[in-house]
Amino acid sequence: MRNAQMRVFRGDATGGDFKEYTVPVEDGMVVLDAIHYIQREIDPDLAVRWNCKAAKCGSCSAEVNGRPSLMCKSRMESFAEGEIIFVEPLRTFPLMRDLVTDVSWNYEQNKRIKPFTPKEDAKWVMYQEDVERVQEFRKCIECFLCQDVCHVLRDHDRKDAFIGPRFMVRVASLEMHPLDQGDRMKFLHDEGGVGFCNITKCCSEVCPEDIHITDNAIIPLKERIVDDYYDPIAKFFKTIFSKN
Amino acid sequence: MSNYEIREHDVLVIGAGGAGLRAAIEASAQGLKVGLVCKSLLGKAHTVMAEGGIAAAMATVDARDGWQTHFRDTMIGGKYLNNWRMAQLHAQEAPECVNELERWGAVFDRTHDGKILQRAFGGHTYKRLCHVGDRTGLELIRTLQDKGVHSGIDVYMECTISRLLKDGDKIAGAFGYFREDGRYILFKAKAIILATGGVGRAFSVTSNSWEYTADGHALAYEAGADLIDMEFVQFHPTGMVWPPGVRGILVTEAVRGEGGKLRNSDGERFMFKYLPEATKADYAADETEAERWLEDTLAGKLRTDYRRPPELSTRDNVARAIYTEVKAGRGSPHGGVFLDISYQPADRVRKKLPSMYHQFKDLADVDITKGPMEVGPTMHYIMGGIKVDADTAESKVPGLFAAGECSGGMHGANRLGGNSLSDLIVFGRRAGRGAADYAARQSGLPKISDAEVKAAIDELEAPFKRASGPNPYKLQLKMHEIAGSSFGIFREEADMQKGLADLEKLKEEIKQVGCSGGKNYNPGWHLCRDLSNMLIAVEAIGRSAQSRKESRGAHSRLDFPETDDNLGHENTAVSHAGGGQMKLVKTPLSEMPAELKDLLKKKETAHA
Ligand code: SF4
Ligand code: SF4
Ligand code: FES
């Protein structure tokens, strides 16, 4: 059995540093297992958030060697022998302790989005081909890795102005639902800050659910906004004939 | 005494998975002030891990289905120990609860004619599981979460309840702490709904998430409620067995529902050998018939005249079969058996089982479209739980309600796959309404004594005063050892006696458990409290299992391999006798009305 050299961030809002740990590696072990090993054998109070250990709940998000990742999906074998593995909390959100950050801002954004609003006379007949794109968005496990990596939130800290890729996905899942008739375009334009996104696609790259965040959610939403705001004829028809 | 904040609610819901969210939405819809306590972040509860689907007799795929058949399947699956009234309400109300989810934005997979698609599952006569690929639980929880946050419910995230408080006999509130900084909170409430899920973290090989530490079971037990059917622990037949780091992670039954075949190391499709006489006629007689069923299913035929493959037998049965094959030396290289879906077109597998495809690819380097998976039993679900009234979900303690996995009775001796998600929404809704009705009848908030609050704080603080006491993680490993070796998939008197004796020793050690560090997000400290909850659950499982001298459903005894009809009329119930003593009584099942009895007698040929 080989050992892995790890550096895990320990600290809180007042400061902290990486602490060195040596962890024996078993077949198929993931970074979260290594963190659990440290808790059990070395530092029982090491703070980490996790639930499923099966890449389904989106709780164990952290930055592993600089890459926003799910710890339960990051295999120890993917690191070279002797490579030091750095594990640190998401940088975009305020630190609570060790690997745990305060992601409550995300929950606030979700509340601002107009909920599903079905047509009153809906017959609830939907075809598979019509729901498929919505189903892609609904795979989101709210790991907030895309939020973490997005430079608008991460480097420019514009949480006041941009709801971030996760909630672009959420809006898209509602807007493209075949039976929804709520209109979220004004919100997206005025408050959601869709204009802040300059389509760098970093968010899509880190999404553990392989959601094509930019291509399938953000770009189509941007196009709708353009239609609504900058194409008066399209907007005119839209108001007359309503959505769909 | 440490400071604590105080919050007041008409109805407090503890647990924010499917059942808790559904209950909170319902109570709030009755116009009451509702609080929802989540042990994790909102939307992360164990419900997200449910894969296969929601069982409901919608009859969108097979018009022959109806609540009566669903009721009968549930009772047969539960070996008739179920609370018949719960099974009846569940079967009757599941379809409208699924439709409700769709109205709230859930997007299920569709049939060709645009309705909700349903798939086959173990023990269900007809294709009955409404699903979204293999991530149905995520769809359910996200739908309820999005509905819930617009319902005016106060949500307390990462908050753990350590005690329920009473005013005389009645429930009065709950005490707990926030994980973030360990600050304390006192909830005053007229009614409380427990929806805390299961107990899986007491076992080492489990599909259950971090939160499943028997909190609701223990809180209710300590508050005076009965726990019934605790001997019935479901081992899901197919968990991952390799690599070690992922051992226990669930491989959805949908793999078999979509045609997955189980084979041993001789290549034999062994499940044909393990079909119980009573249900043998419901399954294909040989591989040829099973193949025909599969061809019809793959062709998207709504109904078929062939009987379903033996892999779709009930979970208790498949789990025992796999265990037996491995013991007999016919296992796979890593101590499981082979589950194969790779004979189907790769595209179909990826479409129907996307999470499974990724799970094996990412965690085990196995491409399930190219070769078989290795699978073996994993602790998955507890049928036993808080005894409740079927209609209102109220426990013996006035004002205390329970729904979902922490409640008992609905599933009897064995739960059918798919009946859990439906259980959550049917009884979540009923509990929400039951608690709201109860709260509306109360004149004001009950009183809470300072002494009780002080005792709750002292209990939480104690581990810090014993910094050199045993490490909680090590004690959890000991508990795993006891639960696995004495109360696992096969049980025997001598093992159980030893297990119970070892538990007594562990109890003493847990009293001494210590932790280091501070109160800010300190998982070691949190585990200290969780341990005593799990201990209660394991003891309840052990004592109940020892008292049932027969094999029935998920409870299999090597020393009593047969089912004893005389024992089919009573549930086991444990309750707190004071002084840390657990009391066990047998309670007779209530008499089923004649029309339901007739339903059970009626025999349908199960071509699904
Ligand atoms: S594509 Fe847009 S949302 Fe995604 S990371 Fe780049 S700027 Fe952020
Ligand atoms: S869109 Fe992807 S990366 Fe973003 S929160 Fe959802 S699952 Fe995570
Ligand atoms: S623990 Fe659930 S995603 Fe990692």
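1. A salt bridge here is a side-chain nitrogen of Lys or Arg within 4 Å of a carboxyl oxygen of Asp or Glu. Arg320(B) and Asp316(B) meet that definition, with N to O at 3.7 Å. Please keep in mind throughout that the model is predicted.

2. Where do Arg320(B) and Asp316(B) sit? Both belong to helix H8 of chain B, which covers residues 315–327. They are four residues apart, so about one helical turn separates them. Asp316(B) has a relative accessible area of 6%. Buried means under 20%, so Asp316(B) is buried.

3. How many salt bridges does the whole structure hold? The search over all chains finds 90. The general idea is simple: side chains of opposite charge can pair when their charged atoms come close. The next points take up examples from chain A.

4. Arg112(A) pairs with Glu191(A) in a salt bridge, and their closest N and O atoms are 3.6 Å apart. Arg112(A) lies in helix H2 of chain A, residues 104–112. Glu191(A) lies in helix H7 of chain A, residues 185–192. The pair therefore ties together parts that are 79 residues apart in sequence.

5. Are these two partners buried or partly exposed? Arg112(A) is at 33% relative accessibility, so it counts as partly exposed. Glu191(A) is at 43% and is also partly exposed.

6. Asp215(A) and Lys201(A) form another salt bridge, with 2.8 Å between the closest N and O atoms. This pair links distant parts of the chain, 14 residues apart. Asp215(A) is in helix H9 of chain A, residues 213–230. Lys201(A) is in the loop between H7 and helix H8 (202–206) of chain A. Asp215(A) is partly exposed, with a relative accessible area of 37%. Lys201(A) is partly exposed as well, at 33%.

7. Chain A also holds a network of salt bridges. Its members are Arg10(A), Lys19(A), Asp43(A), Asp45(A), Arg97(A) and Asp98(A).

8. Now chain A as a whole. It has ten helices and seven strands. Its C-alpha trace spans about 70 × 40 × 30 Å along the principal axes. Of its 244 residues, 58% count as buried. Among contacts with a separation of 6 or more, 65% join residues 24 or more positions apart.

9. Chain A carries 34 positive and 41 negative side chains. The centres of those two sets lie 3 Å apart.

10. Chain B has 16 helices and 19 strands. Its C-alpha atoms fill a box of roughly 70 × 50 × 50 Å along the principal axes. Does its radius of gyration agree or disagree with that of a compact globule? With 608 residues, such a globule would be near 25 Å; chain B has 23 Å, which agrees.

11. Buried residues make up 66% of chain B. Of its contacts with a separation of 6 or more, 75% are between residues 24 or more positions apart.

12. Chain B exposes about 19400 Å², with carbon and sulfur atoms supplying 50% of that area. It has 79 positive and 82 negative side chains, and the centres of the two sets are 1 Å apart.

Technical notes
Residues numbered from 1 in each chain as written. Chains lettered and ligands numbered in written order. Predicted model: local features only at pLDDT ≥ 70, side-chain atom pairs only at ≥ 80, totals over all residues. Heavy atoms only, no water. Helix = DSSP H or I, 4+ residues; strand = E, 2+ residues; numbered from the N terminus. Rg over C-alpha atoms; globule rule 2.2 N^0.38 Å. Buried < 20%, exposed > 50% of the residue type's maximum accessible area, 1.4 Å probe, protein only. Contact = heavy atoms within 4.5 Å. Areas by Shrake-Rupley, 256 points an atom, 1.4 Å probe, with all protein chains shown as cover. Lys, Arg positive; Asp, Glu negative; His and termini not counted. Charge placed at Lys NZ, Arg CZ, Asp CG, Glu CD.
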